[in-house]
Amino acid sequence: MKFRCVLCISDWTRGAAVESPILPSKRKNLMTDELSIRVERSFKNIAPESWSKLAGASKASKLLPYNPFVSHAFLSSLEESGSASDKTGWLGNHLLLETDGGDLIGAVAGYLKSHSQGEYVFDHGWADAFERAGGRYYPKLQCSVPFTPATGPRLLVAEGQDRKAIQPALAESLKEVTRQLGVSSAHITFLPKDEVSVFETDGYLHRTDQQFHFINEGYADHDAFLETLASRKRKALKKERRAALEHGISIDWLTGSDLTEGIWDQFFAFYMDTGSRKWGRPYLTRKFYSLIGERMPEDVLLVMAKREGRYIAGAINFIGGETLYGRHWGCIEDHPFLHFEVCYHQAIDFALSKGLKRVEAGAQGEHKLARGYLPVITHSAHYIGHQGLRRAVADYLQHEREQVEEMSEVLTEHSPFRKGERQDI
């Protein structure tokens, strides 16, 4: 593969950018077109129609299920709203692989980070250790969807292109970008299992973690799902759902044209109230919600709880081709079990009603296990330039992977499903 590569190197003190050549890749494959790699700072300079040709980034994709988080609409909304920007420590450095004619055939959404906030794969310990030893960990290159701990394609390849050739080229190019930028490392988080081998083959370190997902085994409705649980667990969940809706609470599903500015105002108040207490400083701006409401309303589901004629709590979800992705919730009134109802039970109800294959309910949370969400291994890949830090991290990750696997097995054995009914994930 022939490369004509240009890298946008950011000046962190002035916010400027200069161009520097990247050395040609030594990787060989069967593609004969001359290709170029460039790093683009802003989605404003990436045509939505070009990005939508990448597998999984649009509903028209035939190769991968639609993932709303890698869509141009979602990523550009994060940027334009000021949620993920240079001012918040997320400076866009998106890797684009283009033909000589300018056609986008591969991409990786990436950011130069001055911190490790909003990532959900924690490397603060690595940074502290490296800096105590005299190194400089930040800035680093983060390839992920900001504030979104959801698995999705990271090595994006256009429909009709040779994935087996392009994905390794993108992985190798990320290493070269990291070296040319002079930053410590590159981190690709929440990547699908089938991309892990691409990165491992190229020398990246493999990290695992755990989430809890609901798997739809073809249940007709929530009651059919409950029938697969042990009797004691089934009774407990039914009681929990009844208790959550006491005090005259009702639930609405809002999507599409339901998502008015007035609704976003109410949901944002929930988000700010709960987020300020939970995280200290919520990541997303009010403008972000207006933008996604404008650009991708059919991909958004708000589960809103109402009491005495006004909304008191809500959870935001994103609707993919096969998956409902639960993100965050907020409330202005506290009621027992309402969080579980709005975030987990209602998500299952919606997924079953739409024939979706799974619900991903976000990061962490062993309390999800009792509600039918089973442990699932998540994956990330890490390139670390400094050999001493790399060796230390590699040793740490080997032990961590073993611990994650053991914990997953233990938790699965304690799932609420009847013996023989446990789902294969």
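These legends accompany a set of close-up views of a predicted model.

**View 1. Helix α11 and the elements it packs against.** Welcome to helix α11, which runs over residues 387-413 and has 27 residues. From its first C-alpha to its last, α11 reaches 39 Å, close to the 39 Å expected at 1.5 Å a residue. Its buried residues are Leu 389, Val 393, Leu 397, Glu 400, Val 404, Ser 408, Leu 411 and Thr 412. The partners of the buried residues of α11 are α3 (124-132), β12 (205-215) and β18 (374-384).

**View 2. Thr 378 in strand β18.** Here we look at one residue of a strand that packs against the buried residues of α11. Thr 378 lies in β18 and counts as buried, at 5% relative accessibility. Leaving aside residues up to four places away in sequence, Thr 378 touches Thr 151, Phe 190, Arg 207, Thr 208, Asp 209, Gln 210 and Gln 211.

**View 3. The salt bridge between Lys 59 and Asp 299.** The whole structure holds 22 salt bridges, and one of them joins the side chains of Lys 59 and Asp 299, at 2.8 Å from N to O. This pair links distant parts of the chain, 240 residues apart. Lys 59 sits in the loop between α1 (48-51) and α2 (72-80), while Asp 299 sits in the loop between α9 (286-295) and β14 (300-307). Which of the two partners is exposed, and which is buried? Lys 59 is exposed, with a relative accessible area of 56%, whereas Asp 299 is buried, with 4%.

**View 4. The salt bridge between Asp 252 and Lys 306.** The side chains of these two residues meet at 3.7 Å, N to O. Asp 252 belongs to strand β13 (residues 250-254) and Lys 306 to strand β14, so the pair ties together parts that are 54 residues apart in sequence. Asp 252 is partly exposed, with a relative accessible area of 24%; Lys 306 is partly exposed too, at 26%.

**View 5. The salt-bridge network around Lys 113 and Glu 119.** Salt bridges that share partners join Lys 113, Glu 119, Asp 123 and Lys 140 into one network. Within this group, the side chains of Lys 113 and Glu 119 meet at 2.5 Å, N to O. Are Lys 113 and Glu 119 buried or exposed? Both residues are buried.

How values were computed
Residues are numbered from 1 along each chain as its sequence is written. This is a predicted model: local features need pLDDT of at least 70, side-chain atom pairs count only at pLDDT 80 or more; totals for chains, interfaces and linings use all residues. Side-chain values use heavy atoms; hydrogens and water are left out. Helices (H or I, at least four residues) and strands (E, at least two) are DSSP runs, numbered from the N terminus. The expected span of a helix is 1.5 Å times one less than its number of residues. Buried means under 20% relative accessible area, exposed over 50%, partly exposed in between (1.4 Å probe, protein chains only). Contact means heavy atoms within 4.5 Å. A salt bridge is a side-chain nitrogen of Lys or Arg within 4 Å of a carboxyl oxygen of Asp or Glu.
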